[in-house]
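Please consult the sequence and the coordinates together while reading this report.

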Protein chains: 2
Amino acid sequence: MVKEGNFTPAIILVAPQMGENIGASARAMKNFGLSDLRIVNPRDSWPNKAAESMSVGAIEIINSAKIYDDLEDAIKDLEYLYAATAARRDMHKENILSCDLPKDAADFSKIGIMFGRESSGLTNEEISYANKIVTIDTDPSFSSLNIAHAVAVVSYELYKNHAPKREFEMIDELVDLEQKNHFNNQLIKKLEDTGFFRVPEKKEQMQIKIRNLFGRIDKLSKTELKILYGVFNLM
Amino acid sequence: MVKEGNFTPAIILVAPQMGENIGASARAMKNFGLSDLRIVNPRDSWPNKAAESMSVGAIEIINSAKIYDDLEDAIKDLEYLYAATAARRDMHKENILSCDLPKDAADFSKIGIMFGRESSGLTNEEISYANKIVTIDTDPSFSSLNIAHAVAVVSYELYKNHAPKREFEMIDELVDLEQKNHFNNQLIKKLEDTGFFRVPEKKEQMQIKIRNLFGRIDKLSKTELKILYGVFNLM
C-alpha cells in the first residue's frame with residue numbers, strides 16, 4: 001500500500017495529442033486524489049483551451065501541470081517509474097497487472113506512471129526508462145484504451161488501495177425484530193379477520209410464507225415500516 | 001465472482017446527453033469484455049455520429065445498443081440492478097463500493113448497472129428501481145466522474161474479477177546462477193588485472209559490493225549478459 005499521508009504518484013503523459021484527453025485525465029486524477037501531472041512534448045501549444053474545458057472542476061491540476069521537452073527531465077525526481085502499456089513481447093522487461101500495482105509500488109515513496117500518445121502509445125526507447133511495465137487488465141483482443149480511461153483506471157486502483165475503506169451507513173433508524181414481529185402478527189390477524197385463509201389446512205404454511213416474505217426485507221427502517229402498516233391499512 | 005462463461009452485465013445509460021460519452025462508454029465496455037449496452041432516452045437522435053466516432057473499434061457495441069423510452073422496459077429482463085452514483089444521504093437504500101461489486105453480484109446470472117445523465121446523474125425515482133447503489137471509490141471531495149470513466153472503472157472491476165488472471169512471461173531465456181557467477185568472477189579478475197583494487201584492505205568489501213550489485217539484476221537474460229560482457233570488454 002502506498003504510504004498513508006504521502007500519496008503523490010505522478011502521472012506523466014508522453015506526447016499527448018488531444019487537449020481533451022489531457023483535461024479528462026486531470027479530472028480523473030482529481031477524482032482519485034492525485035494532483036502531480038507532468039506532460040512531455042504535448043502536440044499542441046500550452047496552455048490548451050480544450051484541456052481546460054474538459055478538466056471540469058480539476059482546473060487546478062491543469063494549471064499546475066509541468067511541461068517538459070524531455071522525458072528524462074520529467075522523471076528525474078522519481079524513485080520508481082512504470083510504463084502503462086499493453087504487454088510487449090519485444091522487450092525483456094518485467095510486466096505486472098494494474099491490480100498488482102499498489103502492492104508492487106508499496107516500497108517506494110515517489111512513483112510515476114507514464115502513458116503514451118493516443119495514436120501509437122509509448123516507444124520502446126521511452127519504455128526503456130521505466131522500471132516495469134504495468135498493463136491494465138483488459139480483454140486481450142481489444143486492449144487499446146482511451147488514454148484518460150487508462151489514467152482513470154490506474155488512479156482508481158492506487159486510490160482504493162490507499163484510502164481508508166469507506167463505510168456506508170443507512171441514515172434512517174432501523175426497526176428491531178420486535179417491531180417486525182408486531183407488524184407480521186398484525187398483518188396475519190387482519191388477513192384472518194378478512195377471511196384470507198380460506199383453506200384451513202394451508203393456513204399454517206401460508207403464515208410461514210408471509211412471515212418469511214416480510215422478514216426478508218433487510219434493513220427495514222421505521223419510516224418504511226410505517227408505510228407497510230399504511231399499505232395494509234393496519235393502523 | 002460473476003459466473004465463468006456467462007459474463008454479460010448490462011450497462012444502462014439513462015438520458016445521456018453527449019454522443020461522445022456514449023461512444024467512449026462503448027469503447028471502455030469492449031476493453032473489459034462487455035457488450036450489452038442499453039440507452040434510455042438519449043438527448044440526441046439515434047443513431048448518433050459522435051457516439052460512432054468516439055467508439056473507436058467498438059462500433060459493433062454502438063450498432064447493437066438497444067434504445068428505450070422507458071427505464072422499466074430497459075431493465076425488465078435483469079435479475080438485479082445497481083445504480084451507479086455517489087452515496088445518497090437522502091435515500092434509505094443499501095450502498096456498496098465498486099470494489100465490492102463483483103462479490104456482491106456473484107449470485108446473479110444477469111445484472112445491470114445504470115449510469116445517470118452527465119449534468120445531474122440519476123433521479124431518486126430512477127434509483128428507486130435499483131436493488132442497490134454502487135459508489136465508485138473516489139475522493140469524497142470530488143466525486144463527480146465523467147460518465148465514460150465511471151463505465152470504464154465499473155467494467156474494469158467486473159472484468160478483472162471475472163477473467164482468469166493473466167501471467168506475463170519474459171521471452172528471452174534467462175541466465176542461471178553459474179552464468180551470473182562466471183560473469184562476476186571475470187569482472188573481478190579484470191578489475192584486479194587493471195589495478196582497480198588500490199587499497200588492499202578494502203578489496204574484499206569492494207568485491208562483495210560488486211557481486212551484490214550485479215546479483216541484484218533480476219531476471220537477467222542471456223542477451224543482456226552478453227551486453228554486460230561487451231560493456232566491460234570481457235570477451
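The sections below treat the interface, the symmetry, the salt bridges, selected side chains and the backbone geometry.

## Basis of the values

This is a predicted model, in which local features need pLDDT of at least 70 and side-chain atom pairs count only at pLDDT 80 or more, while totals for chains, interfaces and linings use all residues. Residues are numbered from 1 along each chain as its sequence is written, chains are lettered from A and ligands numbered from 1 in the order in which they are written, and side-chain values use heavy atoms, with hydrogens and water left out.

## The interface between the chains

The interface brings 54 residues of chain B into contact with 54 residues of chain A, contact meaning heavy atoms within 4.5 Å. About 4700 Å² is buried between chain B and chain A, 58% of it on carbon and sulfur atoms; buried area is the accessible area (1.4 Å probe) that two parts lose on being put together, summed over both.

Between chain B and chain A there are 26 residue pairs in polar contact, both residues being at pLDDT 80 or more. A polar contact is a pair of N or O atoms within 3.5 Å; within protein, one must be able to donate a hydrogen and the other to accept it, and residues adjacent in sequence count only if both atoms are side-chain atoms. On the side of chain B that touches chain A, at least two residues each are supplied by helix 1 (19-31), strand 5 (95-97) and helix 7 (147-162) of chain B. Helix 7 of chain B gives the largest share of that side, 8 residues. Helices (H or I, at least four residues) and strands (E, at least two) are DSSP runs, numbered from the N terminus. By class, the side of chain B that touches chain A holds 24 nonpolar, 13 polar and 17 charged residues. In this scheme Ala, Val, Leu, Ile, Met, Phe, Trp, Tyr, Cys and Pro count as nonpolar, Asp, Glu, Lys and Arg as charged, and the others, Gly among them, as polar.

## Symmetry

Two copies of a chain are related by a rotation about an axis and a shift along it. Here chain B is superposed on chain A by a rotation of 180° with 0.0 Å of shift along its axis (RMSD 0.1 Å). The two copies are therefore related as by a two-fold rotation axis. The same surface serves both copies, since 100% of the contact residues of chain B recur in chain A. The superposition is by least squares on the C-alpha atoms of residues with pLDDT of at least 70 in both copies.

## Salt bridges

Over all chains the count comes to 36 salt bridges, each defined as a side-chain nitrogen of Lys or Arg within 4 Å of a carboxyl oxygen of Asp or Glu. Across the interface of chain B and chain A there are 6 salt bridges. Asp100(B) forms a salt bridge with Lys165(A), with the closest N and O atoms 2.6 Å apart.

Asp193(A) forms a salt bridge with Lys189(A), at 3.5 Å between the closest N and O atoms. These two residues, Asp193(A) and Lys189(A), are 4 residues apart in helix 8 (residues 177-193) of chain A and so are separated by about one helical turn. Asp193(A) is exposed at 58% relative accessibility, whereas Lys189(A) is partly exposed at 48%. Here buried means under 20% relative accessible area, exposed over 50%, and partly exposed in between (1.4 Å probe, protein chains only).

His92(A) lies in the loop between strand 4 (80-84) and strand 5 (95-97) of chain A and is buried at 17% relative accessibility. A polar atom of the His92(A) side chain lies 2.6 Å from the backbone oxygen of Lys219(B), and a polar contact of 3.4 Å joins the side chains of His92(A) and Glu224(B).

Trp46(B) is located in the loop between strand 2 (36-40) and helix 2 (49-54) of chain B and is partly exposed, with a relative accessible area of 24%. Beyond its neighbours within four places in sequence, Trp46(B) is in contact with Ile22(B), Ile39(B), Ala51(B), Ile62(B), Ala65(B) and Ile67(B).

## Backbone geometry

Most residues other than glycine have a negative phi, and most peptide bonds are trans. A cis peptide bond joins Trp46(B) and Pro47(B), with omega about 0°; a cis bond also joins Trp46(A) and Pro47(A), with omega about 0°.

Lys219(A), although not a glycine, has a positive phi of about 55°, and Asn41(B), also not a glycine, has a positive phi of about 50°. Lys219(A) is placed in the loop between helix 9 (200-215) and helix 10 (222-231) of chain A, while Asn41(B) is in the loop between strand 2 and helix 2 of chain B.
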